[in-house]
Amino acid sequence: MAKPGHGRNRRSLEEDEDEEVEDPVDAMISRTGCAAQHRELQECMAARQDWRHCQPQVRAFGECMARRKRAEE
């Protein structure tokens, strides 16, 4: 009879925990050059729990991304 749960063994779980796997979204944002603005926005969102209170950070991140897009064109 098959064991309940997923098929991964304990060893592979431990290996995954040891390796730092970068989030693909974080990697994409890092490539834009807007990581600092994104981090500030994320910190504000974590602290305030409401994007409406983080409008300066939203604008700064949006402006950075817009500059990046214009530079690509």
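## Basis of the model

The model is predicted: local features need pLDDT of at least 70, side-chain atom pairs count only at pLDDT 80 or more, and totals for chains, interfaces and linings use all residues. Residues are numbered from 1 along each chain as its sequence is written, and side-chain values use heavy atoms, with hydrogens and water left out.

## Overall fold

The chain has four helices and zero strands. From the N terminus, the order is α-α-α-α. Helices (H or I, at least four residues) and strands (E, at least two) are DSSP runs, numbered from the N terminus.

The chain holds 73 residues, and 16% of them count as buried. Buried means under 20% relative accessible area, exposed means over 50%, and partly exposed lies in between (1.4 Å probe, protein chains only). The accessible surface of the chain is about 6,400 Å². Carbon and sulfur atoms account for 51% of that surface. These areas come from the Shrake-Rupley method with a 1.4 Å probe; for residues, only the protein chains shown count as cover.

Contacts (heavy atoms within 4.5 Å) also span the sequence. Take those in the chain with a separation of 6 or more: 35% are between residues 24 or more positions apart.

## Two disulfides

A disulfide is a covalent bond between the sulfur atoms of two cysteines. Here the test is a pair of cysteine sulfur atoms within 2.5 Å. The count comes to two. With the bonded cysteines numbered in sequence order, the pairing is 1-4, 2-3.

Cysteine 34 sits in the loop between helix H2 (24-32) and helix H3 (35-48), and cysteine 64 sits in helix H4 (residues 55-72), so the bond ties together parts that are 30 residues apart in sequence. The torsion about the S-S bond is about -90°, so this disulfide is left-handed. Cysteine 34 and cysteine 64 are both buried.

Cysteine 44 and cysteine 54 form another disulfide, with sulfur atoms 2.0 Å apart. Cysteine 44 is in helix H3, while cysteine 54 is in the loop between H3 and H4. They are 10 residues apart. This link is left-handed too, with -90° about the S-S bond. Both of its cysteines are buried.

## The nonpolar core

In soluble globular proteins, nonpolar side chains tend to be buried together. A nonpolar core is a set of buried Ala, Val, Leu, Ile, Met, Phe, Trp, Tyr and Cys residues joined through side-chain atoms within 4.5 Å. The largest one here has seven residues: Ile29, Cys34, Leu41, Cys44, Cys54, Phe61 and Cys64.

Leaving aside residues up to four places away in sequence, phenylalanine 61 touches Ile29, Cys34, Gln37, His38 and Leu41.

## Two salt bridges

A salt bridge is a side-chain nitrogen of Lys or Arg within 4 Å of a carboxyl oxygen of Asp or Glu. The whole structure has two.

Arginine 52 and aspartate 50 form one, at 2.8 Å from N to O. Aspartate 50 lies in the loop between H3 and H4. Aspartate 50 is buried at 16% relative accessibility, whereas arginine 52 is exposed at 57%.

Arginine 68 and glutamate 72 form the other, at 1.8 Å from N to O. They are four residues apart in helix H4, so about one helical turn separates them. Arginine 68 is partly exposed at 27% relative accessibility. Glutamate 72 is exposed at 57%.
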